[in-house]
Amino acid sequence: MTVCLQGGADAAWEAAAAVPDPEVPCVTVADLGILRWVRVEDGVAVAGVTPTYSGCPAVLAIELAVEAALRDAGFEARIERVLSPPWTTDWITEEGREKLRVYGIAPPVKSSGSIRSLFGEVTVACPKCGSSDTEKLSEFGSTACKAHYRCRACAEPFDYFKCI
Amino acid sequence: MAVWEALLELADDHLVLGHRISEWCGHAPMLEEDLAMPNMGLDLIGTARTLYDHAGKLEGKGRSEDDLAYLRDEREYRNCLLVERPNEDFALTMLRQFYFAAFMRPYWLAALKSTDETVRGVAGKAEKEMAYHIRHAGEWVIRLGDGTEESAARMRDAVEALHIYVDELFDSSDVAREAEAHGILPVRADLRDAWDRTVAEVFAEAFLDQPKAAYPQRGGREGIHNEALGHLLAEMQVVHRAHPGARW
């Protein structure tokens, strides 16, 4: 049974949504689209959280942080790990994409369905100068969800949030 | 009834290969690969965790993912022989990764239609990760195969060494067949064409030839393993077994 207390679900959502991603702290779990929903059932806030990658080491940290934020907002809290449908980078909000770019991380090239060919290359714009004259240095960057690039125009090395 | 055991086979493949590739951490030939291999290992281990958790629940004896990973002996492991092969050489490591991913990508794509919700959830994530592994490992197969005399010779040696472990990927054990009959897991034999196409495409660019089939090795699904798996499990399980129930 879902009981929406006066303002309860909204307040719970707001508390959970404000939690920053532990590895990319410029964006929140809501910006990334990994916070799927928050329900308030009999005064208990239940948050649905989805992993980005199968082995993302931040999954537990994110779940604990969301749970703590809900408790701080005065709720009993529980986390549900949601696998299906799988998260894709298309779920990152427009606001989240802009925050990533300002932070110096190139947001994923839209959309995840368009780069499925085996050796398809994508054009990634430099988050600093906007040039698309960039080159991939490494398929894997500082975290599992990023690749490493360099801008040939302004020489800036940068992370690219991989499209998945 | 046997479905949980079929999931165990799949989970064991992922954990053993994930552990194998993690052995390169700190030893890779360059920094980029030192980052790449543990990251790919994480994908595999993450997939294994969800599968173990699900298998344990279906078994219904209260075994957790840790119990299944750390407290089973070599003969109880059901992984295929390919994934337990020692790293030996960077070329062999990349070819092994490429072979496995070239199998798992079409496997997970087919599993998107599984009758089991958790399998569908795992598949949705893993098929994309496997596409990435195919690309990364496949590029190395091409670079080394079409590289120097030395790199090409090593990649040819890797092809010779791993070839006998390929056929086992397409075999379904009795428990797997039961899961396939229920539409829970894809039929392995059906994936041969997709695997052949992916490998042929990369081998053409790498100037590599597929050897003719000879003496395929089998036995992993019955728990008959090479010596290498025992050493891997000893290292992987020792801390957990030395400190039963430890928490921090």
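## Helices 6 and 7 of chain B

In this predicted model, helix 6 (residues 117–145) of chain B packs against helix 7 (residues 149–162) of chain B at an angle of about 125 degrees, with 7 Å between their axes. Helices (H or I, at least four residues) and strands (E, at least two) are DSSP runs, numbered from the N terminus. Axes are lines fitted to C-alpha atoms, for helices over the stretch in contact, and angles run from 0 to 180 degrees between N-to-C directions. The two helices are therefore oblique to each other; angles under 35 degrees count as roughly parallel, over 145 as roughly antiparallel, 65 to 115 as roughly perpendicular and the rest as oblique.

On the helix 6 side of chain B, V141(B), L144(B) and G145(B) meet S151(B), A152(B), R154(B) and M155(B) of helix 7. Residues are in contact if their C-beta atoms, placed from the backbone, lie within 7 Å. The residues of this helix contact comprise four nonpolar, two polar and one charged. Ala, Val, Leu, Ile, Met, Phe, Trp, Tyr, Cys and Pro count as nonpolar, Asp, Glu, Lys and Arg as charged, and the others, Gly among them, as polar.

## Basis of the model

Residues are numbered from 1 along each chain as its sequence is written, and chains are lettered from A and ligands numbered from 1 in the order in which they are written. Because the model is predicted, local features need pLDDT of at least 70 and side-chain atom pairs count only at pLDDT 80 or more, while totals for chains, interfaces and linings use all residues.

## Helix 2 of chain B

Helix 2 (residues 31–59) of chain B has 29 residues, which at 1.5 Å a residue should span 42 Å; the end C-alpha atoms are 42 Å apart, in agreement. The expected span is 1.5 Å times one less than the number of residues. Of the 29 residues of helix 2 of chain B, 22 are buried (20 or more other C-beta atoms within 10 Å of the residue's own; exposed means 12 or fewer, and partly exposed lies in between, with C-beta atoms placed from the backbone). G60(B), just after this helix, takes a positive phi of about 75 degrees.

## Contact between the chains

Chain A has 17 residues in contact with 23 residues of chain B. The chain A side of this contact has eleven nonpolar, four polar and two charged residues.

R39(A) has V46(A) in strand 2 as its bridge partner. V40(A) lies in strand 1 and counts as buried, with 22 C-beta neighbours inside 10 Å.

Two residues separate the strands of this hairpin. D42(A), in the turn, has a positive phi of about 50 degrees although it is not a glycine. D42(A) is exposed, with 9 other C-beta atoms within 10 Å.

## Four-stranded sheet of chain A

An open sheet of four strands in chain A has the order 4-7-6-5 and mixed pairing. Strand 4 (105–106) and strand 5 (134–138) stand at the edges with a single partner strand each, so one side of each has no neighbour in the sheet.

Strand 6 (residues 146–151) and strand 7 (residues 157–161) of chain A pair in the antiparallel sense over five bridges. A147(A) stands opposite Y160(A) in strand 7. A155(A) is in the loop between strands 6 and 7 of chain A; this residue is not a glycine, yet has a positive phi of about 70 degrees.

Methods
Pairing = 2+ DSSP bridges. Contact = placed C-beta atoms within 7 Å.
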